[in-house]
Amino acid sequence: QVQLVESGGGLVQPGGSLRLSCASSRSIFDYVVGWYRQAPGKQRELVSIMTSAGSTNYADSVKGRFAISRDNAKNTVYLQMNSLKPEDTAVYYCNVRPFEVPPSSAYSYWGQGTQVTVSS
């Protein structure tokens with residue numbers, strides 16, 4: 001079992017920045033790590049993932065604005081969010097999983113979510 005604790009969400013004005021953190025209770029060096037988000041009335045969607053080798057993937061809507069990173073020594077995943085837009089408003093969830101396991105698997109672990117609100 002893996003516990004994930006997210007932090008860093010909050011209220012920010014359009015154009016602002018936030019940095020989300022996700023601390024894991026176990027080592028993540030061999031896991032795929034990722035961030036997903038869910039806006040009211042919408043399905044959860046992928047924001048970004050990073051493999052254990054450091055390969056990354058981003059949703060088109062956040063490319064060039066968001067950056068995922070990981071610190072395996074601290075068992076922590078980060079999401080730097082810049083140039084935030086109102087449409088980025090959502091609950092953001094951290095996810096860690098073995099490479100061969102899909103996000104929907106019982107062996108895929110999720111944080112409790114952190115609210116990001118972009119509004120003037």
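A residue is buried under 20% relative accessible area, exposed over 50%, and partly exposed in between, using a 1.4 Å probe and protein chains only. Ser 69 has a relative accessible area of 31%, so Ser 69 is partly exposed.

The model is predicted: local features need pLDDT of at least 70, side-chain atom pairs count only at pLDDT 80 or more, and totals for chains, interfaces and linings use all residues. Residues are numbered from 1 along each chain as its sequence is written, and side-chain values use heavy atoms, without hydrogens and water.

Start with the whole protein. It has 0 helices and 11 strands; helices are DSSP runs of H or I with at least four residues, strands runs of E with at least two, numbered from the N terminus. Of the 120 residues, 47% count as buried. The C-alpha atoms fill a box of roughly 40 × 30 × 25 Å along the principal axes.

Now find Ser 69. It sits in strand β7, residues 66–71. Leaving out residues up to four places away in sequence, Ser 69 touches Met 50, Thr 76, Val 77 and Tyr 78; contact means heavy atoms within 4.5 Å.

Next, the sheet. It is open, with 4 strands in the order β1-β3-β8-β7 and antiparallel pairing; two strands pair if DSSP finds at least two bridges between them. β1 (4–7) and β7 stand at the edges with a single partner strand each, so one side of each has no neighbour in the sheet. Strand β8 (residues 76–81) runs antiparallel to β7, joined to it by 6 bridges. Across this pair, Asp 71 stands opposite Thr 76 in β8.
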